[in-house]
Amino acid sequence: MFIGDAKTYGLFAGGSDSVSTFVGIWRTNNPTNRIYNNSGSGETTNNIISKLSELITYRPRKAVIVAPSNDPRTLVPQATTQANILTIKTALEAVGTDVWY
């Protein structure tokens, strides 16, 4: 599972299924793995936390958190962003997910 903002989603590269995106490259090189891209334009760490219960239902084996660059753009303090990422990481690890960030 990929979690992030528009750059992770691939907004500027043709969308999440585009081979030119980060997720598209993973899909191309790992065709037998299901890869879920839970990224979107404007995402912040607070948005991700609000969706945590949904994300956990997928019980991903691995998750890559690409910390949203929208936090500083929307003036979220760095300490809050770091705490939010830790909250996301901890919640995913609690269901057995390997988390990379």
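The largest nonpolar core of this predicted model has 11 residues: Met1, Ile3, Ile48, Leu52, Leu55, Ala63, Ile65, Ile88, Ala91, Leu92 and Val99. Helix H4 (52-57), strand E3 and helix H6 each supply at least two of the core residues. Helix H6 gives the largest share, with 3 residues.

**Leu55 in the core**
- Leu55 is one of the residues of the largest nonpolar core.
- Leaving aside residues up to four places away in sequence, Leu55 touches Met1, Ile3, Tyr36, Asn38, Ile48 and Pro60.
- Among these contacts of Leu55, Met1, Ile3 and Ile48 also belong to the core.

**The largest pocket**
- The volume of the largest pocket is about 520 Å³.
- This pocket is lined by 16 residues, and those closest to its centre are Met1, Arg34, Ile35, Arg61 and Lys62.
- Sorted by class, the lining consists of 10 nonpolar, 2 polar and 4 charged residues.
- Strand E3 (residues 62-65) contributes the most to the lining, namely 3 residues.

**Gly96**
- Gly96 sits in the loop that lies between helix H6 (78-93) and strand E4 (98-100).
- Is Gly96 buried or exposed? Gly96 counts as exposed because its relative accessibility is 57%, and the cut-off for exposed is over 50%.
- In sequence, Gly96 and Pro60 are 36 residues apart, while their C-alpha atoms are 8.0 Å apart in space.
- Pro60 is also one of the residues that Leu55 touches.

Conventions
Residues numbered from 1 in each chain as written. Predicted model: local features only at pLDDT ≥ 70, side-chain atom pairs only at ≥ 80, totals over all residues. Heavy atoms only, no water. Helix = DSSP H or I, 4+ residues; strand = E, 2+ residues; numbered from the N terminus. Buried < 20%, exposed > 50% of the residue type's maximum accessible area, 1.4 Å probe, protein only. 1 Å grid on protein atoms, 1.4 Å probe; cavity = no way out; pocket = protein on both sides within 12 Å on 5 of 7 lines; lining within 4 Å. Points joined across faces, edges and corners; volume = space filled by probe spheres on them. Nonpolar A, V, L, I, M, F, W, Y, C, P; charged D, E, K, R; others polar. Core = buried A, V, L, I, M, F, W, Y, C linked by side-chain atoms within 4.5 Å. Contact = heavy atoms within 4.5 Å.
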